[in-house]
Structure formats: C-alpha cells, structure tokens
Amino acid sequence: MLHTLIQSPYKTNIPLLISMLKKKDDFLALQDGVLIALTNSVFLDSIIFSSANLYLIKEDVYARGIINNISSNFMLISYINFVSLTLKNKTQMAW
C-alpha cells in the first residue's frame, strides 16, 4: 500500500498513520508533508521505526529550504518516481 502525506504532520493523526503502516508499505511525503522528515521532528523516530519504505518529493523539500535538515532515512524522489510508486501499489491511502 502507498501512504501519501500531503499536509503538515502537525495537522494529521500521525499515530494512526504509523499504526497502519506495514513493513512492505511505501510512505511518500509531499507538499507540507515533507516536514515529517525534519531531523528535529517529534514524529521522526516513530515513522522510521515503522520500517516502511520512506520517500520525499525532492522538489517540495527544496521549495521549503529544508534539504540540509532532513533525515537520511528518507529517499528523495521526483514526481515521475511518484507515478511509479502509484503503479507499483494497487491501493493508496491519502493523509
């Protein structure tokens, strides 16, 4: 399953999201959702512990000027790679 986080993690039920993530799931943060990957985020340890595959849209990271403050546990991808993730995952949950 692909989980996409579009809004700020501070406006989302992150504990519920994390409880639904499975080891083989893909998690993609885009738009304000990329804030979840900040190294000082209160949600960072929980999302990393989920063992899901973690991705960020690189254009959104750069647009917010946070490239030097994101966790190395996330892979930066383009919108083209986002399309590939949607093709790979038959189901998606938007947060």
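Analyst: Happy to. A contact means heavy atoms within 4.5 Å. This is a predicted model, in which local features need pLDDT of at least 70, side-chain atom pairs count only at pLDDT 80 or more, and totals for chains, interfaces and linings use all residues. Residues are numbered from 1 along each chain as its sequence is written, and side-chain values use heavy atoms, with hydrogens and water left out.

User: Which pattern does the chain follow along the sequence?

Analyst: Helices (H or I, at least four residues) and strands (E, at least two) are DSSP runs, numbered from the N terminus. The chain has four helices and five strands. Read along the sequence, they give β-α-β-α-β-α-β-α-β.

User: Is T12 buried or exposed?

Analyst: T12 sits in the loop between β1 (2–5) and α1 (14–20). Leaving out residues up to four places away in sequence, T12 touches L5, Q7 and W95. Buried means under 20% relative accessible area, exposed over 50%, and partly exposed in between (1.4 Å probe, protein chains only). With a relative accessible area of 15%, T12 is buried.

User: How many residues apart are Y79 and F82 in helix α4?

Analyst: Y79 is partly exposed at 36% relative accessible area, while F82 is buried at 17%. About one helical turn separates Y79 and F82 in helix α4 (residues 79–88), because their spacing is three residues.
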